[in-house]
Amino acid sequence: MSRSAFDRRFKEATTYAPLQFVKAMRLSHAALRLRQDATVSEAAYGVGYASASQFSREFRRQFGASPRDWGRAHGGDGARSLSVPFASVSA
């Protein structure tokens with residue numbers, strides 16, 4: 001299958017382009033880490049970002065809040081429902 005055919009079929013199945021999907025998954029895993037009281041730097045580096053500032057910009061774009069503010073608002077026990085895309089997807 002060609003790359004363009006794969007990209008098209010992937011987007012049909014997920015509504016995301018492959019790279020968008022990977023970025024959304026990384027940011028979602030970082031959000032889960034922030035819920036578990038990780039620092040912003042720990043969450044960023046833990047999901048593969050080399051730059052905490054780039055991570056913060058992309059996190060704000062996806063979640064509408066800075067990682068620190070989002071972590072404070074959503075921290076605590078895991079009993080609450082998550083507002084994290086792909087939270088139920090296992091890797």
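Here are some friendly notes on the rings, the core and the helix packing of this predicted model.

1. **Start with the rings.** Searching the whole structure turns up eight aromatic pairs. One of them joins Tyr-16 and Phe-21: the ring centres are 6.3 Å apart and the planes meet at 70°, so this pair is edge-to-face. The cut-off to remember is that planes over 60 degrees apart count as edge-to-face. Tyr-16 is partly exposed, because its relative accessible area of 27% falls between the 20% limit for buried and the 50% limit for exposed.

2. **Now look at Phe-59 and Trp-70.** These two rings also make an edge-to-face pair, at 5.9 Å centre to centre with 80° between the planes. The pair links distant parts of the chain, since Phe-59 belongs to helix 4 (residues 52–63) and Trp-70 to helix 5 (residues 67–74), eleven residues apart.

3. **Are these two residues buried or exposed?** Phe-59 counts as buried, because its relative accessibility is 0%. Trp-70 is buried too, with a relative accessible area of 4%; buried means under 20%.

4. Tyr-49, Phe-55, Phe-59, Phe-63 and Trp-70 are linked by ring pairs into a cluster.

5. **Next, find the nonpolar core.** The largest one has 14 residues, and those with the most contacts inside it include Leu-27, Leu-34, Tyr-49 and Phe-55, along with Phe-59, Phe-63 and Trp-70. Helix 2 (18–35), helix 3 (40–46) and helix 4 each supply at least two residues of this core. Which helix gives the largest share of this core? That is helix 2, with four residues.

6. **Zoom in on Phe-55.** If you set aside its neighbours within four places in sequence, Phe-55 is in contact with Leu-27, Ala-30, Val-40, Ala-43, Ala-44, Tyr-49 and Pro-67.

7. **Finish with two helices.** Two packed helices are described by the angle and the distance between their axes. For helix 2 and helix 4, the axes come within 10 Å and cross at roughly 95°. That angle makes helix 2 roughly perpendicular to helix 4, because 65 to 115 degrees counts as roughly perpendicular. Where they meet, helix 2 brings Lys-23, Ala-24, Leu-27, Ser-28, Ala-30, Ala-31 and Leu-34, while helix 4 brings Phe-55, Glu-58, Phe-59, Gln-62 and Phe-63.

Key. Residues are numbered from 1 along each chain as its sequence is written. This is a predicted model: local features need pLDDT of at least 70, side-chain atom pairs count only at pLDDT 80 or more; totals for chains, interfaces and linings use all residues. Side-chain values use heavy atoms; hydrogens and water are left out. Rings of Phe, Tyr and Trp (its six-membered ring) pair if their centres lie within 6.5 Å; planes under 30 degrees apart count as stacked, over 60 as edge-to-face and the rest as tilted. Buried means under 20% relative accessible area, exposed over 50%, partly exposed in between (1.4 Å probe, protein chains only). A nonpolar core is a set of buried Ala, Val, Leu, Ile, Met, Phe, Trp, Tyr and Cys residues joined through side-chain atoms within 4.5 Å. Contact means heavy atoms within 4.5 Å. Axes are lines fitted to C-alpha atoms, for helices over the stretch in contact, and angles run from 0 to 180 degrees between N-to-C directions. Angles under 35 degrees count as roughly parallel, over 145 as roughly antiparallel, 65 to 115 as roughly perpendicular and the rest as oblique.
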